[in-house]
Amino acid sequence: MALQYAVEVPGEANPLTEGILYHVLRSAVSASPNQVQTGTKQLQQWEKAKGFYPLLQPLTLNESVFLDKSLPLEVRYLAVIQLKNGIDKYWRKTATNAVDKEDKAAIRDKLLESGVSEADQRLALQNALVIGKIVRFDFPGDWPDIFQQLIQLLRSCSDPNAYRLHLPRALLVTLYIVKELSTGRLLRTIQNLQGVTPAILHILGAIYVEKVQNWQAFFREGGDDEGGAIESIENSLLAIKTLRRLVIAGYSSPAAEKNVQEFWTLSRTHFGEFIPYVMHEDSPLAPSVRKMIEKHLVQLSKFHLAMATTHPADFVLLPNSLDLVRDYWSLIARLGESWGSKSVDGATIGTDGDAEDDDKSILERVGLKGLLLVRACVKMVFYPAQSFRYQNAQEKENRNRATQMVKSELLTDDLVREMVSALVTRFFIFRPSDLRMWEEEPDEWEKMEEGAEDWEFAIRPCAEKLFLDLAKNFKNLIIQPLLQVFYTVATPDNEDILFKDSVYTAIGLAADVLLDQLDFDSFITNTLVAEAQKQKPGYNIIRRRIAIIISQWISIRIAKDKKPIVYQIYQHLLDKNDPLNDHVVRVTAGRRFREVADEWEFSADNFLPYAPTILDRLMALVQEVELPETKMGLLNTISSVVERLDHHIIPYANNIISLLPPLWEQSGEEHLMKQAILIMLARLTNAMKGESRLFHSSFLPIIQSAIEPNSDTQVYLLEDALDLWSSILAQTPSAPEPTPPELLNLLQYLLPLFTLDNETLRKAIEITEAYLLLAPASVLADNFRPALLQELAALLGNLKPEASGTVTHLMMCIIRGADDLGGEGAVKVVVGDLINTSFLAKVMEGLHGAWTHHQSHGPYRELPSRAVDGVVETDFFTVLARIGLASPSTLLEALSTIGGAELEKTLDWLLEEWFGHIENIGDLPSKKLMTLVLTRLLETRAPWIMGRLQNLIVMWTDVLGELLDGCDDQTADSLYWPDEPNAYHPNEPEAPEEARKRNLIYSDPVHRLNLVAFVREHLQQTIKEVGGEQQFQEEWLGRVDKDILKGFGDLGIM
């Protein structure tokens, strides 16, 4: 009945008691979906309640008050998971609904007890995780004595008479505490750990040494306590897992610490002692015991590698570290002896149909760490900025000493030659398991080989990275020996396939090192062409390598006249009818052709003869492969070809587009595939120019699904959807051809994008400008324009200068669009909206703040909060200039409305700031624009502008001086573009938007008006209107400084 009560009564009616909590937990782990749903919902409601987490803890400790029975394991497990998740969400003091201080204290009181006493391994692990998380939050502030408690606990648990379970549990808790603190990046967290490290190292080190000695003595001498020996191995493994993290994170300069030096020496000794236990095939140890010792070796190798990468100088300065590296290299050389296949016969699947076991041997796992360790040493010498972080002179000296030691004592000429030889002749060669997997699971194998980001986890890619480092930094040592080997295998007659492949691998990796030493063009024509066509077993391996090596050299050095041969090779490698072009060969060629298409000197004309066949084969291959990652890689190649062929892609567009809908459907939640498809569509649209309009209607629903508010895919696809949207707008033909209504319908989704991140805002503004050019009437319509201006007004004043510039530029486009569409009347409507939305008020507020700032002087003057300066001030004045140039009366009416005082008072400070700011504008078109509008103000003949005649003359002299500088014709400024007798005709097809943008620029008054004539005409008209030259001289010109008049007169305008 109690259970039924807990399930059926609404959550808020359930009081939080231990009894009801127990039943709710039972519900949440029951087999009934309804009970699970109800129990989970109740737990979610309780997780924010005071007292919830302390009540969970007794359930995890198996201290139930019910019927004196042990609680079911699944209930206790759910309780500890709830506790762990609650710590993540609510333990921080700043968290919403943070756990109460008293609740935290109650939980901490029993934490160590719960961690040490738990018999079940799964629960013990979760308890350790809980303790680690809480220590990270609460040490040292709310739990200052945790490490004293922990050390005391470790001491008591390591007593021979202690209960045997307690020590491994105490070590597990210690491990997760150190794990949590060692991953901290805050200086405070690091310092807290470093403060307690010596004490923990002392007790843990003693436990580790004792336990290792125990099981080693048992191995040597035997005895009856086999169970005790196995416990010792388990405990020493837990200890070394903690110790390796503690030493790395717990000391800023480990090499200076005596206890670290001793432990380092011990780690090397143990490394040498443990290897024989697991390396001999006839070892008497049971497999489970060998596996435990192998885990010790892996932990020690992780420790050595972490020291080299985290504390590189300390690594070198610790005792016998370079000897340790040599020991690792000896193991690597030993691994190399049995690494590669001896022949391509391994390419056939065994009689049982199974490839080799995937479990890596201990020699391979330790050998991989050894390769990484050697690479870390190379990086110390040749890439010190990536390796070293020093803060004082001593650390700098240590770095220099360590670098010199590695360079002179470790990386000797002989060892470098030995390493390069081993890498090329041993580790670049495929193993039998590689060749079997090639045949058995070609898609998976090819994907694995392409996964360059996983190089740290596999021998061959790691060996390739190390070889590349050595090749770049020891050129003089390795180039000639490498070339000698190369010339012996680089002939069609040499049929040592696996060795040839490994040498070609080295030649491809070292392309930028060998570019002046190797005639790769001759290699293509004399060797690769023949080898790509050779019909012998195993030559699929060489064909794959040919696809790779050409892609590595294409951007380094391949002559233009050899590019057609390259295209023919790839065309051949993609041919499914050739039996040696197996799945791996064709997919590799398909992927690698992307580098060929992307290279800088790619010529569409050179490629066109091969485009139909290569594209057909690539598209067929996309449909043939199964893995989404492989489909996407091939799709990216096609996408690159589309981009490079530009308008030449039109004949193939139908086939490419028909390939995409099934891929979109198959991708499901695979958003990377959808992104690749959107990129492809954008590139196709741009490449096809106006011809793409036939497909636009099918693309628009995809865009809509990604840009709709609250769309599930917006977070993944928005950026690429915006690029496609922008491309479609750019390629949509201009009037008189009507704009598709489906495209106009997307306008409604544009405004919500203005509230997102800066990059989305930038793109949204670009798209709005594109709509303005394409369909200005739709953007300026009453059902869209006011909302758009409201969004822009909300943005103004809250953006960085660059982003603010995009907003003001859009506003200038809107004003020009209104002027072109409906003249002065339309501009008045837009300006009315600018007043209603407070856009103009913000502009004026910013400019007034700038004027106020310029009235004050001294080093301590501050910019008023809403004031603008620099380029933002220029942008603000440009908005006023566009209004004034379209209609001076509209600008003056707007200023009168906003100013709230007499217009002349507003104009007094505004014109003073405007004339003063023009001198600081570097952009000549902006200068000319402002000169045009301020000159137009003379049309009013008002005293507030006539009284600033001196300002006008200074401005004319300055701006015209710049615009006429260097011009042979002094009667027209350099920004004046008179009508050309022959209109511009592009040589290549262009996007319709390009023509629209060109028309926008050419129709700009800045380029349609000659400032020389404009000033002359306005000045002459003003003189005439005020009563003639004598009246003008007496009333206005007489107030102007004579030197200023002389400078203006020298321009010869009047």
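Predicted model: local features only at pLDDT ≥ 70, side-chain atom pairs only at ≥ 80, totals over all residues.
Let me begin with a term: a residue is called buried if its relative accessible area is under 20%, exposed if it is over 50%, and partly exposed in between, with a 1.4 Å probe and protein chains only. By that criterion, 53% of the 1054 residues of the chain count as buried. Residues are numbered from 1 along each chain as its sequence is written, and side-chain values use heavy atoms, with hydrogens and water left out.

On the overall architecture, the secondary structure comes to 54 helices and zero strands, where helices (H or I, at least four residues) and strands (E, at least two) are DSSP runs numbered from the N terminus. Along its principal axes, the C-alpha trace spans about 125 × 85 × 65 Å. The chain is divided into domain 1, which takes in 442-452 and 465-648, and domain 2, which covers 930-1051; these bounds come from an automatic or database domain assignment. The centres of the two domains, taken over C-alpha atoms, are separated by 61 Å.

Gly 228, placed in helix H12 (residues 226-250), is buried at a relative accessible area of 10%, and its C-alpha atom is separated by 78 Å from that of Asp 869, which is 641 residues away along the chain. Trp 977, in the loop between helix H49 (949-964) and helix H50 (992-1002), is partly exposed at 30% relative accessible area, and 66 Å separate its C-alpha atom from that of Ala 313, 664 residues away along the chain.

Let me turn to helix packing. The axes of helix H16 (residues 321-337) and helix H20 (residues 413-427) come within 10 Å and cross at roughly 30°, the axes being lines fitted to C-alpha atoms, for helices over the stretch in contact, with angles running from 0 to 180 degrees between N-to-C directions. That makes H16 roughly parallel to H20, given that angles under 35 degrees count as roughly parallel, over 145 as roughly antiparallel, 65 to 115 as roughly perpendicular and the rest as oblique. The crossing of H16 and H20 is left-handed, a term used if the near helix is turned anticlockwise from the far one by less than a right angle, with right-handed used if clockwise.

Now to the aromatic side chains. Rings of Phe, Tyr and Trp (its six-membered ring) pair if their centres lie within 6.5 Å, and planes under 30 degrees apart count as stacked, over 60 as edge-to-face and the rest as tilted. By this rule the count comes to 36 aromatic pairs. Which kind of pair do Phe 520 and Trp 553 form? Their ring centres are 4.5 Å apart and their planes are at 5°, so the pair is stacked. Because Phe 520 lies in helix H27 (residues 520-533) and Trp 553 in helix H28 (residues 539-553), the pair ties together parts that are 33 residues apart in sequence. Both Phe 520 and Trp 553 are buried. By contrast, Phe 602 and Phe 607 form a tilted pair, with 5.5 Å centre to centre and 55° between the planes; Phe 602 is buried at 9% relative accessible area, and Phe 607 is buried at 0%. Ring pairs also link Phe 486, Tyr 487, Tyr 504, Phe 520, Phe 523 and Trp 553 into a cluster.

Charges over rings come next, counted if NZ of Lys or CZ of Arg is within 6 Å of the ring centre and within 35 degrees of the ring normal. Arg 122 lies over the face of Tyr 77, at 4.5 Å from the ring centre, and Lys 674 lies over the face of Trp 664, at 5.3 Å.

I will finish with the backbone. Phe 139 and Pro 140 are joined by a cis peptide bond with omega about 0°, and Pro 140 is found in the loop between helix H8 (121-138) and helix H9 (146-157). Another cis bond runs from Ala 735 to Pro 736, with omega near 15°. As for positive phi in residues other than glycine, Asn 97 has a value near 60° and, at 39% relative accessibility, counts as partly exposed. Lys 689 has phi near 55° and is buried at 11% relative accessible area.
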